Amino acid sequence: MNAADTALIDEFADALWLADGLAKNTLASYRSDLALFAQWLDTVTVRQAHGSPRTGSSLIAGADETAINGYLAYLHARPGGIKSASQRRLMATLRRCYRWLLDQGRLQVDPLLNIDKPGAIQRFPKTLAEKQVEDLLNAPDVATPLGLRDRAMFELLYATGLRVSELVGVRLFEVGLNDNVVRVMGKGSKERLVPLGQIAAEWLQRYIAEARGELLGRHVSDAVFVTTRGSGMTRQMFWTLVKKYALRAGIAPERISPHVLRHAFATHLLNHGADLRVVQLLLGHADISTTQVYTHVARERLKALHRQHHPRG
């Protein structure tokens, strides 16, 4: 990737952050999509020029409709192709980038003008039965500091429906055990208060009182969930823990992830009569349409229970 494209991606990411306050992970996705596109353009340009030196202009800004279609064809031709969700994200990134370039006056024509948006495929989130969640919550050995920490994390995640990045990012001063609430910084730097159930609050209190100090040792951290190295839990580490305890609980690892527990939180609330708007607020969804997918999951679950237990099901 040439220096001009590196500079363009940095400038674009800064503009997004200033305009919308997008989360770090969202900005990283934009950067990754654009960097891969720039690298492909760089390779094609060098090959077409038979290895001759390139100019210092941005290849992203100079890409036309033919180049973008060529990149999409390249992605589809790779082993395994490109998933529909990944293509939709890529196209959203490119559309936003080229709209920004147009607004800046650095482009006169939108190269995506005649490129159709990929069709959306309705995907319903994976979830777990309540018994499976119960088995997972009981999987850690709470007689050990690590097991007590892991149980508290699972309880908090299932009780609140936090995103995994929100869970590992919770700080001590953001937990109000007297009021049973946790303050969360969500996507787009939007803050919300999420209520804790009594059971989750009790496990969290027990972990903080009995295990957190032992795990920290001489280290200092304001993260609620810490490791024996004295640092905060990471998303990757928590993902590994979920898979480990899933096996222990008899749940197929491919059926579970930290986000599946968030889906279970929402689905189980709706199964027990919660209002969709309330679930939207708890999950931190900006748009109610994002939450509505859970109503399908809840309806299907109720239908399955009806078929199983009703004498005329």
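Which residues line the second largest pocket? I found E130, E134, Y158, A159, V194, P195, F265, H268, L269, H272 and L282 there, a lining residue having an atom within 4 Å of a point, and a pocket being an open set on a 1 Å grid over the protein atoms alone where a 1.4 Å probe fits, with protein on both sides within 12 Å along at least five of seven lines.

I noted that this is a predicted model, in which local features need pLDDT of at least 70 and side-chain atom pairs count only at pLDDT 80 or more, while totals for chains, interfaces and linings use all residues. Residues are numbered from 1 along each chain as its sequence is written, and side-chain values use heavy atoms, with hydrogens and water left out.

I read about 250 Å³ for the space in the second largest pocket, a volume being the space filled by probe spheres set on the grid points. The largest share of its lining, three residues, comes from α12, and α6 (130–137), α7 (145–160), β3 (191–195) and α12 (258–271) each supply at least two; helices are DSSP runs of H or I with at least four residues, strands runs of E with at least two.

Next I followed β3 to its partner: five bridges join β2 to β3 in the antiparallel sense, two strands counting as paired if DSSP finds at least two bridges between them, and V184 stands opposite R192 in β3. On the other pairing, β1 (residues 175–176) and β2 run antiparallel over two bridges, with V182 as the bridge partner of V175.
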